[in-house]
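Dear colleague,

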Amino acid sequence: MQQGKYGEYGGRFVPELLVPALEELEAALMDAEKDPIFKKELDTLLRDFAGRPTPLYLAKKLSKRLGCKVYLKREDLLHTGAHKINNALGQALLAKKMGKKRIIAETGAGQHGVATAAAAACLGLECEVYMGELDMQRQAVNVQKMRLLGAKVTPVNTGARTLKDAVGMALRDWMSSFRDTHYLLGSALGPHPYPEMVKSFQRVIGREIKEQIQAKEGRLPTHLLACVGGGSNAIGMFADFLDTNAQMIGIEAGGKGIATGEHAARFQGGRAGIFHGFKSYVLQDKDGQIKETHSISAGLDYSAIGPEHAFLKDTGRVKYESSSDQEALEAFHLLSREEGIIPALESSHAVAYALKAKFSEDDLVVINLSGRGDKDMDTVIANEDKRNI
């Protein structure tokens, strides 16, 4: 990776006004990576505030069903309910070190918004979260949590009123406020240095898996599975395994089916393009206009994918598949019923892929359970009601 590029992907495609802010952020990140005091403070927050390390849990019934050992990386047990807190704490602490007083963020499923609001409250920073009106309806409980934590939640009523529109609004805010504001981007995308920074704060997931699976099994996994929206939980899981023989699979949102066009599977319906300040695979029409997306999970409902994922796909190092809304719902119910764990609908896409994949008896599979499903109960209930009509 050079100058924020992963092959032809990544980069920094922003108005000239934002270049100094991104250069300031890049310099601060480089300093923080060499600063033992920063590292110690972040490690303490991750341990005592967020709840790391998270367990690596042997899912016995799922293992029996799939015919091999299947472990779940329990990011759902973190404070605020998802892996998002890892990055939120890292960036919020970095912003404080930079002297910023205000944090802004975008959110789709609400988990990044809640994590950002919690991190800002913990570190004494002002917080404003942009969220599409449709996502606010789907994730009403998370909206209330953000407000309870002291954040201002600003609805976005343009476009599809989902995550991509919230990102656009947050970027516009930052262009006029970067002198005292840090944009705490939630996924491994956006202009350089965001993809690399978010990966650096999320790769704690993969580091822990490596240690835990060696302690439990005496060997590394044969397969790693994670859902992919922007791609932060997946790249955090995959990063420390890129130099191993593990097969890695990222699972996108197949929505109502690829053929319907109502999905968020960028690798099955998109092509290279520039969006929100970076180059990657983007869902767009023949004229380059951004297509609307669909997913039952608000956190996977985004028109582009992190640039490193695009590079890993093109080089063949990581395989990318999709699970449909219906498959994710079935996996949601199965894991809840058989393992006593209610997963986020995002994570359910990864479980759904595992249920239809073929594994051998000697395979050792780890699924990143990136979040818990409390936030999705209204969506699940609504879909159950429709199914029973």
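A residue counts here as buried when its relative accessible area is under 20%, as exposed when that area is over 50%, and as partly exposed in between. Please bear in mind throughout that this is a predicted model.

With those cut-offs in hand, I begin with the backbone. Most residues other than glycine have a negative phi, and most peptide bonds are trans. Thr-80, which lies in the loop between strand E4 (69-74) and helix H4 (84-97), has a positive phi near 80° although it is not a glycine. Is Thr-80 buried or exposed? Its relative accessible area is 11%, and because this is under 20%, Thr-80 counts as buried.

Arg-161 likewise has a positive phi without being a glycine, in this case near 60°, and it is placed in the loop that runs between strand E7 (152-156) and helix H8 (163-177). Its relative accessibility is 27%, so Arg-161 is classed as partly exposed.

A positive phi, near 50°, is also found at His-276, in the hairpin formed by strands E11 and E12, where 2 residues stand between the strands. Strand E11 covers residues 271-275 and strand E12 covers residues 278-282, and the two pair in the antiparallel sense over 5 bridges. Within this pairing, Arg-271 stands opposite Val-282 of E12.

Turning to the peptide bonds, you will find a cis bond from Arg-52 to Pro-53, with omega near 0°; Pro-53 belongs to the loop between helix H2 (36-50) and strand E3 (56-58). Another cis bond leads from His-192 to Pro-193, with omega near 15°, and Pro-193 sits in the loop between strand E8 (181-183) and helix H9 (194-202).

Finally, there is a helix pair to examine. The axes of helix H5 (residues 111-123) and helix H7 (residues 140-148) come within 9 Å and cross at roughly 10°, and because angles under 35 degrees count as roughly parallel, H5 is described as roughly parallel to H7. On the H5 side the contact is made by Gln-111, Gly-113, Val-114 and Ala-117, while H7 contributes Asn-142, Lys-145 and Met-146.

Conventions. Residues numbered from 1 in each chain as written. Predicted model: local features only at pLDDT ≥ 70, side-chain atom pairs only at ≥ 80, totals over all residues. Heavy atoms only, no water. Pairing = 2+ DSSP bridges. Helix = DSSP H or I, 4+ residues; strand = E, 2+ residues; numbered from the N terminus. Buried < 20%, exposed > 50% of the residue type's maximum accessible area, 1.4 Å probe, protein only. Axes fitted to C-alpha atoms, helices over the stretch in contact; angles between N-to-C directions. Parallel < 35°, antiparallel > 145°, perpendicular 65-115°, else oblique. Contact = heavy atoms within 4.5 Å.
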